[in-house]
There are 2 protein chains.
Amino acid sequence: MHTSLLQHIQKHINLEPSEIDILESALSISKIKKKELVLQEGQVCNTIYFIIKGCMRQYIINSKGAEQTLQFGIENWWITDYLSYHNHIPSHFYIQAVENSIVVAIEKTTLEAILIEIPKLERYFRIVSQKSFGAAQMRIKFLFTMSAEERYHHFNNLHPEFVQRVPQYMIASYLDFSAEFMSKIRAGKV
Amino acid sequence: MHTSLLQHIQKHINLEPSEIDILESALSISKIKKKELVLQEGQVCNTIYFIIKGCMRQYIINSKGAEQTLQFGIENWWITDYLSYHNHIPSHFYIQAVENSIVVAIEKTTLEAILIEIPKLERYFRIVSQKSFGAAQMRIKFLFTMSAEERYHHFNNLHPEFVQRVPQYMIASYLDFSAEFMSKIRAGKV
DNA sequence: TAAAAAACTTGAACTACTTCAAGAAAAGTT
DNA sequence: AACTTTTCTTGAAGTAGTTCAAGTTTTTTA
């Protein structure tokens, strides 16, 4: 396993050397090719992914057959469908690699075993998921209060590198407007 | 403390009698009058609230001075601003009682102490917040894929009691359309 | 139980966005 | 280097919603 997950965990809790050993032996990295899907709509989600390198996204296919990105994940983010994961119900989402990516993929059974061996990790996941929930609430705030153009500029200011990395149409759908409209915003034609 | 919080916790983890004692003595209930604010924009949020009875909401005031509800909480829900709570930063939100409510209000210092005494509770909060995050993602999905009318009918089917309980204009803003438009949807004039 | 405040309704005018269609540019593949 | 696929751009026409203003109904308060 790459050290970045350990570092991320140790930002929030202290691990003993023995606990690090347990993690090292239980977890491994995997590579995911650009465009590869790790979850599809209708499947039950049994895995959580920590992104070591690259970029993933969670998206849906709407009633018109178009993809809409709900969530991006980059280095040091977790990505999964928690509702499907916890309730054993079919997922509404696709999870896909936007770039060739390196992740730590943890199966539910593995994670449950690790959490029993290292109960301290419950705290880590608690804090991380509370912060994610907080971020989701801010996201809803921005969707509610800003115009399309404001959302674009705000996102562009906050994550300029990111806008370079992924196709514009994915960002447009993440910000909830059409790719065509994004093009016009960028050209100043609005 | 009312038993409903204990029951909610014990849906997810098993508590020893001694642990229940600790909780009982550390926590107490408080009453919040309708329209009373427990958090205002600009304040740092240092408390999490478990709703025993009643209804709370998290809202913002937008650039036009109008309130927009981001989140409702009813019986057996937690409500707080996790981003402000964790990062000690001023909140973007107001949290207010929609009805006269009874809550367990837990200060950050109290909660941290309890979590050290009963580490098992980390698991409870981890699971609850992961599920909340999953629900927030579904919420974004619905906002993205459904028309205003679809969102109204969907919400009305899912939570019919709830629509009776709170003013329509709050539900309209939660579903991200105007109170006037909601009136037209209900009258079938759209 | 009257008065005041809060919540809901209605229609008309407006607008921030979408959709469509077609072409251009950029990136990926052999 | 040529071909294919993917991504981005542009304008014209359409529409799902908003905003405003005024009136009505319901709920709360004194």
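Mentor: Happy to! First a definition: axes are lines fitted to C-alpha atoms, for helices over the stretch in contact, and angles run from 0 to 180 degrees between N-to-C directions. Helices (H or I, at least four residues) are DSSP runs, numbered from the N terminus. This is a predicted model, where local features need pLDDT of at least 70, side-chain atom pairs count only at pLDDT 80 or more, and totals for chains, interfaces and linings use all residues. Residues are numbered from 1 along each chain as its sequence is written, chains are lettered from A and ligands numbered from 1 in the order in which they are written, and side-chain values use heavy atoms, with hydrogens and water left out.

Trainee: Great. At what angle do helix 1 and helix 2 of chain B pack?

Mentor: About 140°, with 11 Å between the axes of helix 1 (residues 3-10) of chain B and helix 2 (residues 17-26) of chain B. The two are therefore oblique to each other. On that scale, angles under 35 degrees count as roughly parallel, over 145 as roughly antiparallel, 65 to 115 as roughly perpendicular and the rest as oblique.

Trainee: And which residues make the contact?

Mentor: Helix 1 of chain B brings L6(B), I9(B) and Q10(B), and helix 2 of chain B brings I20(B), L23(B) and E24(B). Contact here means heavy atoms within 4.5 Å. By class, these residues divide into 4 nonpolar, 1 polar and 1 charged. In that scheme Ala, Val, Leu, Ile, Met, Phe, Trp, Tyr, Cys and Pro count as nonpolar, Asp, Glu, Lys and Arg as charged, and the others, Gly among them, as polar.

Trainee: How does helix 1 of chain B sit against helix 5 of chain B, then?

Mentor: Helix 1 of chain B packs on helix 5 (residues 120-145) of chain B at about 85°, with the axes 10 Å apart. That makes the pair roughly perpendicular. L5(B), H8(B) and I9(B) of helix 1 of chain B meet L121(B), Y124(B) and V128(B) of helix 5 of chain B. This contact has 5 nonpolar residues, 1 polar and no charged.

Trainee: What about helix 6 and helix 9 of chain B?

Mentor: Helix 6 (residues 148-158) of chain B and helix 9 of chain B pack at about 70°, and their axes are 10 Å apart. That makes them roughly perpendicular. The residues in contact are A148(B), E149(B), Y152(B) and H153(B) from helix 6 of chain B, with F181(B), M182(B), I185(B) and R186(B) from helix 9 of chain B. They divide into 5 nonpolar, 1 polar and 2 charged residues.

Trainee: Switching to the DNA: how many residues surround DNA strand C?

Mentor: There are 20, the closest being K64(A), Q168(B), Y169(B), S183(B) and K189(B). A residue is near a strand if one of its heavy atoms lies within 4 Å of it. Of the atoms of DNA strand C within 4 Å of the protein, 70% belong to sugar or phosphate and the rest to bases.

Trainee: Which side chains reach phosphate oxygens of DNA strand C?

Mentor: Among them is S183(B), with a side-chain N or O atom 2.7 Å from a phosphate oxygen. For Y169(B) the distance from a polar side-chain atom is 2.9 Å, and for S178(A) it is 3.0 Å from a side-chain N or O. Helix 9 of chain B gives the most to this surface, with 4 residues.

Trainee: And which residues are closest to DNA strand D?

Mentor: Q168(A), Y169(A), S183(A), K189(A) and K64(B), out of 19 that surround DNA strand D.

Trainee: What does K184(A) approach on DNA strand D?

Mentor: A base nitrogen, 3.1 Å from an N or O atom in the side chain of K184(A). K189(A) has a side-chain N or O atom 2.8 Å from a sugar or linking oxygen of DNA strand D. The largest share of the surface near DNA strand D, 4 residues, comes from helix 9 of chain A.

Technical notes:
Polar contact = N/O pair within 3.5 Å; in protein donor to acceptor, adjacent residues only side chain to side chain.
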